[in-house]
Amino acid sequence: MSRSTIDFGIDLGTTNSTIAVLAGTEVQVFRNNEGFETTPSAVWYDKGGRLFVGRRAKERLEDDGDNTAAEFKLQMGTTTEYRFARDTRTMRPEQLSAEVLKSLKADVTQRTGEEVRAAVITVPAAFELPQCEATKKAAELAGLTVSPLLQEPVAAALAHGFQSESEKVFWLAYDLGGGTFDAAVIQVRDGTIRVVNHGGDNHLGGKLIDWEIVDSILVPAAVRDNQLTDFRRGNPKWRAAFAKLKQAAEQAKIRLSRDPSAEILMDFLCQDDRGQPARLELELKRGELEALAEPFIVRSINICRKVLSEKRLAPGDIERVLLVGGPTLMTYLRDRLADPAQGLGIPLDFGQDPLTVVARGAAIFAGTQRLEAEAPVAGATPSPYAISLDYKPVGADTEPLVGGKVSAAGGQILAGYTVEFVNEAARPPWRSGKVGLSPEGTFVTALWAEKGRPNAYRVELCDSSGSARPCAPATFTYTVGLAITDPPLTLSLGIALADGTMEAFFPKGTPLPARRRSIRRTTVEVRKGQTGSLIAIPVVEGENRNRVDRNQLVGTLEISADHIRRDLPPGSEIEVTIEVDASRLVRTRAYIPLLDEEFEKVIKLEKAGADP
Ligand code: ADP
Ligand code: MG
């Protein structure tokens, strides 16, 4: 199938990942081979050295941890390497993420036969350049040639239909995942939807609740009913038992989102001290779970309050809270959040499934992203009539113009031919009427579009006798709404100066792509050919203007003495240009007039591995 827009959206999550597509005006979430809409973001090597992604990998996490990798999203953009006991290879976070992406792609191919070559991929609002870069790399490794990134809260807002025309509207995305929590304030301004503030905690999420259930309920019950010595999580002897307990806890927790109580029954937990099967049987009540979850909910609420107050926003300024992430399916959490005194007191929106909302929003965005037509595949029968369309896939106009040119395979004259555009889903269906082509095949006409949803148009080409002719593309979509630009810079970006301050080329929130030039002077002398002597231009990210060392170094452009043709005295002029493209790649260039030479270095955007 040839597509004129990207259409596929992927939520590449820390715990679970999902792929969705915009089909006409509807978003469809794909189920994986096992019938689930979400695939655990985990990778496991089995005994035969085969690599598995998904549920089977997740299930081996606790008892075969040496051959399993999970939560690698948290390491994206670092130099961390994952090792597997059963395989000599080491894998970087982006390679592991690529395996997850490949698995999602394969699920689509299995269901529809289509190979996904382009997809919008979501990233947390907190992702900085190296992490975005690693995500792009993962996409590339998975064979996605086009992969614009979209911030997760923006995707959630799109899925919730954030189309406000008012300047004043803010939404709060509350995203509690498996092991991470993110809160983001979203606003529409100047027709652009953006994250105006965000915060979070990478050690807060559903997994922590599961372990609380294990530690404070299951373990005491197991020890009471069986003879188990030194039965604790860190003891390698009980590793398999704890893996089972963790799974049972998660399943019970999920059941309790719907039922008032959940049975936990395990006929064989492990062998006890005497070699007898240890059993576990108990009933977990919703109230017990709520008590365990309470401290985590409180922590998340405090983060939300902080994110709001940093922007001088009160709960009353926020129109609604969007619930994202599996744990937000807990009724207690919802009630607790909505509570005016103890929670946020902001109306909640749970009209969208929190487990797939991000992928669906990504697909909606993907439907607005044009795809350059691919060269026809050799051997495929080309459609005899090719239409090159010229239109904006998204805009504020409800009667947008569309122009284009039809070309016939044999170069035949197209006088008397017509095109017509049909918006079938409109009530009543809307037709443009037949628009005549010029002898060269060109046309221009206005469309009619409904607000609040993507409008799909069928293209009908007719020859001079009025008979329909096949053409490609045969459909395209247009959405009335916000022009969603690429996410702006989440942190200020600039260079470190010799006096320890930062020159911010782009303040936080700058829309991308962006480019700026600044003229500076060197502070050191660099002698031609003198090894070790160099001019360094450190590129940094962060908000500390006065103490540049408190910011994150993203890379350094170095002009070494071996590469200059003559000596440079201190105080030489140097023109620094930084360009950040829409996918957040940074290119830094330095032009030195005295040498009439330009130096460019592709910055390697990598964070040093976090110190344990
Ligand atoms: P991530 O964004 O980290 O990839 P998800 O949004 O997929 O994570 O959330 C995964 C978490 O949601 C897991 O801890 C899982 O146990 C929990 N979860 C899934 N469904 C439910 C449910 N119905 N009730 C409560 N928790 C749930
Ligand atoms: Mg998520």
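Predicted model: local features only at pLDDT ≥ 70, side-chain atom pairs only at ≥ 80, totals over all residues.
What radius of gyration would a compact globule of 612 residues have, and what does the protein have? The rule puts a compact globule near 25 Å and the protein has 28 Å, which agrees.

**Overall**

I looked up the extents next. The C-alpha trace spans about 90 × 75 × 55 Å along its principal axes. For secondary structure I noted nine helices and 37 strands. Burial: 52% of the 612 residues count as buried. The accessible surface comes to about 27,600 Å², and carbon and sulfur atoms hold 50% of that. I also checked contacts with a separation of 6 or more, and 64% of them join residues 24 or more positions apart.

**Cavities**

I wanted to know where empty space is left, and rolling a probe the size of a water molecule over the atoms shows that. My count came to six cavities of 30 Å³ or more. The largest cavity holds about 60 Å³ of space.

Who lines the largest cavity? I wrote down Pro124, Ala125, Glu152, Pro153, Ala156, Ala173, Asp175, Asp182, Val324 and Val358. Sorted by class, that lining has seven nonpolar residues, three charged ones and no polar ones. Helix H4 (152-159) and strand E12 (170-176) each supply at least two lining residues. H4 gives the largest share, with three residues.

**Glycine 179**

Is glycine 179 buried or exposed? Its relative accessibility is 5%, under the 20% cut-off, so glycine 179 counts as buried.

I then listed what glycine 179 touches, leaving aside neighbours within four places in sequence. The contacts are Thr15, Glu71, Asp201, Asn202, His203, Leu204, Gly205 and Gly206. For one of these, aspartate 201, I checked the distance to glycine 179: 22 residues apart in sequence, 8.8 Å apart in space, C-alpha to C-alpha.

**Proline 513**

My last stop was another loop residue, proline 513, found between strand E31 (502-506) and strand E32 (514-521). Proline 513 has a relative accessible area of 60%, and the cut-off is over 50%, so I marked proline 513 as exposed.

How far is proline 513 from arginine 527, in sequence and in space? The pair sits 14 residues apart in sequence and 36 Å apart in space, C-alpha to C-alpha.

How values were computed
Residues numbered from 1 in each chain as written. Chains lettered and ligands numbered in written order. Heavy atoms only, no water. 1 Å grid on protein atoms, 1.4 Å probe; cavity = no way out; pocket = protein on both sides within 12 Å on 5 of 7 lines; lining within 4 Å. Points joined across faces, edges and corners; volume = space filled by probe spheres on them. Helix = DSSP H or I, 4+ residues; strand = E, 2+ residues; numbered from the N terminus. Nonpolar A, V, L, I, M, F, W, Y, C, P; charged D, E, K, R; others polar. Rg over C-alpha atoms; globule rule 2.2 N^0.38 Å. Buried < 20%, exposed > 50% of the residue type's maximum accessible area, 1.4 Å probe, protein only. Contact = heavy atoms within 4.5 Å. Areas by Shrake-Rupley, 256 points an atom, 1.4 Å probe, with all protein chains shown as cover.
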